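Hello,

Here is the structure I promised to pass on to you. Have a look at it first, and then read on for some notes on its core and its aromatic rings.

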Amino acid sequence: KVVATDPADAIIADASSLKAGVALAREITKGATKGIGWCTETPIEYRMADWENVGVNDSKYTPPQNSRIQAPIWPSDKHISLQEAVHFAACARRIGKAATTAKRQLAKRSEEEEEGVEVSVSLGSESSSGSNVIQTTKDLVNMWAALSCCDGLCGCPLGSAVKSGSECTVAWLCSAVTFGSQIVAASAERRISNSKGDIVAVDQDFDTRPKGYTSSETDHLMHAKPIPEVIAALKQYLNGDESSSLGVPNVFAEVRYCIGMLEYIVARLISKSSVTAALDSRHFRDSSTRTMCTGSFLPLHCGHNNQFSVDERRALMKILQEAVGSDGSIMV
């Protein structure tokens, strides 16, 4: 089977697409499809934390066990649990909301300074110097700029999923580990096509940006950033110390959890078992890992009921030719 989808489809929401349904069923429900693709209610503790404008673990409605939620670790954790995925969605939303507030405060301060109005520093704790607080707040804005552009390998950046709601972020996460593996494996396959031996994926295989992409980017238009690059950016601003999150509001725990989840995705997708399974699905081979078949993934950008682009038609033709086989028989 072939799974073709455009995350920007104006008729079928990405979280309700076949791609998302297969990914959620494979990752969360172990193959069960009942209820997949329906809008779900975010747990009360995350909704209240959002309403109170506090960290995801700081609401009075947050159960004590939530503070102990840790990002999965590969290879001990073979799948992402629903609780871990929802927590990731809440953390990403919290960072985005905090960064938006910080950006508005910085813009307001800049406007007042241009008008010659004397302003007091109100972006952080009283114990911090004004320059340090402003720099920390800028770091928060930059962290969200990197995280929101994180490439999910299925055509949709993380920021777009976060804006659409928790269930969309969960679908983004599951799609990344289910179908994103095929994008990484295909890149590794092209990179070492002339060499012999096993195909090994590396960090550079996460980069889907075209050659010379920097010449077409502006302050308001840029390509999605590969996951390893986003991890490095977040670590650069975090510095591994909770005191580096002194701006308003504090998002140290949320950023640390997002880093852990993204590191899990990278470790899982470059593993030998993941690469093998992804290539089996991509080339219609019987999976040696005996996992649920996901089908060959074909990312689209043509919209709903529009004509495929030239590159998309070529990709589909290549898939059909491979499915038919060299002897003309259809693979089943």
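The largest nonpolar core has 72 residues, and Leu147 and Leu262 have the most contacts inside it. Such a core is a set of buried Ala, Val, Leu, Ile, Met, Phe, Trp, Tyr and Cys residues joined through side-chain atoms within 4.5 Å; buried means under 20% relative accessible area, with a 1.4 Å probe and protein chains only. Helix α3 (residues 82-114) gives the most to this core, with 12 residues. A second, separate core of 6 residues includes Phe284, Leu298, Ile319 and Ala323.

A word on the source: this is a predicted model, in which local features need pLDDT of at least 70 and side-chain atom pairs count only at pLDDT 80 or more, while totals for chains, interfaces and linings use all residues. Residues are numbered from 1 along each chain as its sequence is written, and side-chain values use heavy atoms, leaving out hydrogens and water.

Now to the rings. There are 3 aromatic pairs, counted when ring centres of Phe, Tyr or Trp (its six-membered ring) lie within 6.5 Å; planes under 30 degrees apart are stacked, over 60 edge-to-face and the rest tilted. One of them is Trp74 with Tyr264, edge-to-face at 6.3 Å centre to centre and 65° between the planes. Trp74 lies in the loop between α2 (44-52) and α3, and Tyr264 in helix α9 (residues 252-269), so this pair ties together parts 190 residues apart in sequence. Tyr264 is buried, at 2% relative accessible area.

Enjoy exploring!

Technical notes. Buried < 20%, exposed > 50% of the residue type's maximum accessible area, 1.4 Å probe, protein only. Helix = DSSP H or I, 4+ residues; strand = E, 2+ residues; numbered from the N terminus.
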